[in-house]
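Dear colleague,

Please find below the structure that I am handing over to you, followed by an account of what was found in it.

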Amino acid sequence: MGIEHSHHLENPNATTPPPKLELVSSVPAPPVPDNAEAMTILITLPPGSEGSPPHRHTGPAFGYVIKGEMIFELEGDPQRIVKAGETFWEPGGDVIHYQDGNNLPDAETAFVVTMFGVAGQPMLIPVSTKELEERRDRRAPRP
């Protein structure tokens with residue numbers, strides 16, 4: 001059972017309608033690294049883009065697809081399609097982020113990600129071919 005979140009405060013002096021606020025995603029807070037830096041980035045993928053190669057992040061990341069469709073796959077989870085208006089998240093740390101490509105061959109996909117990473121370290125840490133091979137049993141079966 002989730003908690004009801006109230007994001008509206010009555011404003012008796014308002015002369016316009018109140019803002020519309022809608023909760024689109026909520027997850028239990030994952031561990032955030034010590035000395036974390038929060039950053040929000042906008043990623044635009046050209047039509048058919050494969051996105052970033054397999055990588056990991058030093059901390060959790062939370063995202064929202066603005067337009068298009070993204071192929072999203074984390075270690076241990078089957079790949080899925082995240083469409084405009086939908087959210088995604090990943091815990092960061094040791095988990096490999098396999099895919100974040102554009103699922104559309106003829107249109108851009110854009111998404112916003114807020115990451116909590118270790119300050120002074122790269123936002124994306126590439127995963128070597130050797131490590132991918134060593135951990136292949138952790139990847140979910142592919143369609």
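The largest pocket holds about 190 Å³ of space. A pocket is an open set of points on a 1 Å grid over the protein atoms alone, where a 1.4 Å probe fits and protein lies on both sides within 12 Å along at least five of seven lines. Grid points are joined across faces, edges and corners, and the volume is the space filled by probe spheres set on them. This is a predicted model, in which local features need pLDDT of at least 70 and side-chain atom pairs count only at pLDDT 80 or more, while totals for chains, interfaces and linings use all residues. Residues are numbered from 1 along each chain as its sequence is written, and side-chain values use heavy atoms, leaving out hydrogens and water.

Seventeen residues line the largest pocket, with I41, I43, D100, F111 and L124 nearest its centre; a lining residue has an atom within 4 Å of a point. Strands β1 (36-45), β6 (87-90), β7 (97-102) and β8 (109-118) each contribute at least two residues to this lining. Sorted by class, the lining of the largest pocket comprises ten nonpolar, five polar and two charged residues. Here Ala, Val, Leu, Ile, Met, Phe, Trp, Tyr, Cys and Pro count as nonpolar, Asp, Glu, Lys and Arg as charged, and the others, Gly among them, as polar.

The structure also holds one cavity of 30 Å³ or more, a cavity being a set of points where the 1.4 Å probe fits but cannot get out. The largest cavity contains about 40 Å³ of space. Its lining consists of M39, H57, T58, G59, M115, G117, Q121, P122 and M123, that is, four nonpolar, five polar and no charged residues.

As for the chain itself, there are one helix and nine strands, in the order β-β-β-β-β-β-β-β-β-α along the sequence. Helices (H or I, at least four residues) and strands (E, at least two) are DSSP runs, numbered from the N terminus. The C-alpha trace spans about 60 × 40 × 35 Å along its principal axes. Of the 143 residues in the chain, 30% are buried, meaning under 20% relative accessible area, whereas exposed means over 50% and partly exposed lies in between (1.4 Å probe, protein chains only).

Y64, in strand β3 (residues 61-67), is partly exposed because its relative accessible area is 34%. R80 belongs to strand β5 (residues 80-83) and is likewise partly exposed, at 37%.

Yours sincerely
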